[in-house]
Amino acid sequence: MRARVVVSLDGAIVTEIELTKDVTVVGRHPSCDICIDSPAISGRHMLFRIVDKTAYAEDLASTNGTKVNGHSTQHQVVHHLDLIEVGHHKLHFFDDELLAAGGISNLETTVHTDFEKTMMAAHAAPSPARTPAPAKEDLSRTMAIPSATIRIGAAQESVDTATPVATRASALALRALTGMKAGERISLEQPNTMLGTAGADSALVVRRGDGYFLARFGGAAPRLNRKELAPGTHRIAARDVIEVGSIRYEVITATS
């Protein structure tokens with residue numbers, strides 16, 4: 001499948017990217033394939049996964065969530081002309097074969113049309129005013145779009161952003177159980193921690209609020225407590241066992 005994404009903000013095209021890899025990561029961190037410098041977007045916010053001739057959009061437990069055609073989602077098939085929203089930016093998805101067949105005449109026209117549609121929806125149901133971004137951004141912090149509770153997926157699990165840090169659950173870490181680094185402790189202090197090998201079997205542990213989530217990143221699907229991980233992100237807890245490739249990890253409390 002040959003596809004591309006056009007990124008826009010307030011109706012203006014920011015960039016256009018061809019999806020040439022099986023996994024394309026979208027986020028604020030410079031290592032992302034599609035890097036969007038906005039405080040409303042998480043370090044690694046979501047990804048596009050191409051499997052045969054099907055494209056999927058998967059949220060990576062982002063602070064502000066991912067929407068496809070106006071609906072919050074954790075994992076969803078995307079089609080030609082679908083509109084994905086991350087923070088205040090919009091990602092317009094195009095199938096190159098349908099694009100070449102004359103499905104639409106102009107990328108820019110489509111972007112502007114989508115912008116007008118979302119503006120009409122916004123006027124129908126006004127949203128709270130945006131909070132000004134701080135002068136200097138920290139890649140480990142994401143500005144939440146105003147809401148006491150952020151919804152993060154089809155299961156409607158929520159992350160309470162208003163809970164004081166002191167009352168939140170214990171911080172977690174990992175302990176390698178097999179491999180050359182067996183017994184080694186792996187910190188999960190960063191917003192995103194990759195397990196495995198880039199370009200091969202790999203997974204991502206995402207830290208959001210007081211929660212930790214596991215997501216498939218590349219290669220074969222990881223296993224959580226001996227079960228193959230389903231698409232999307234999945235909350236992990238102490239004593240869980242994660243398998244990525246031939247390596248097994250135990251989830252422990254950071255003080256263990």
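Me: What makes Phe 48 count as buried?
Reply: Phe 48 has a relative accessible area of 1%. Buried means under 20%, with exposed over 50% and partly exposed in between (1.4 Å probe, protein chains only), so Phe 48 is buried. Keep in mind that this is a predicted model, where local features need pLDDT of at least 70, side-chain atom pairs count only at pLDDT 80 or more, and totals for chains, interfaces and linings use all residues. Residues are numbered from 1 along each chain as its sequence is written, and side-chain values use heavy atoms, leaving out hydrogens and water.

Me: And how do you know whether Phe 93 is buried or exposed?
Reply: Phe 93 comes out at 0% relative accessibility, so Phe 93 counts as buried.

Me: How many aromatic pairs does a search of the whole structure find?
Reply: That search gives 1 aromatic pair.

Me: Why is the pair of Phe 48 and Phe 93 called stacked?
Reply: The ring centres are 6.2 Å apart, with 25° between the planes. Rings of Phe, Tyr and Trp (its six-membered ring) pair if their centres lie within 6.5 Å; planes under 30 degrees apart count as stacked, over 60 as edge-to-face and the rest as tilted. So Phe 48 and Phe 93 form a pair, and a stacked one.

Me: What does that pair tie together?
Reply: Parts that are 45 residues apart in sequence, because Phe 48 sits in strand β5 (residues 46-51) and Phe 93 in strand β11 (residues 89-95). Strands here are DSSP runs (E, at least two residues), as helices are (H or I, at least four), numbered from the N terminus.

Me: What makes something a nonpolar core, and which residues touch the most other members in the largest one?
Reply: A core is a set of buried Ala, Val, Leu, Ile, Met, Phe, Trp, Tyr and Cys residues joined through side-chain atoms within 4.5 Å. The largest has 20 residues, and Ile 36, Met 46, Phe 48, Ile 84, Leu 91 and Phe 93 touch the most other members. At least two residues each come from β1, β2, β5, β6 (54-59), β10 (83-86) and β11. Apart from this core lies another, of 17 residues, including Ile 186 and Tyr 249.

Me: How do you know that β1 and β2 pair?
Reply: Strands pair if DSSP finds at least two bridges between them. Strand β1 (residues 3-9) and strand β2 (residues 12-19) are joined by 7 bridges and run antiparallel, so they pair. Ala 3 stands opposite Leu 19 in β2.
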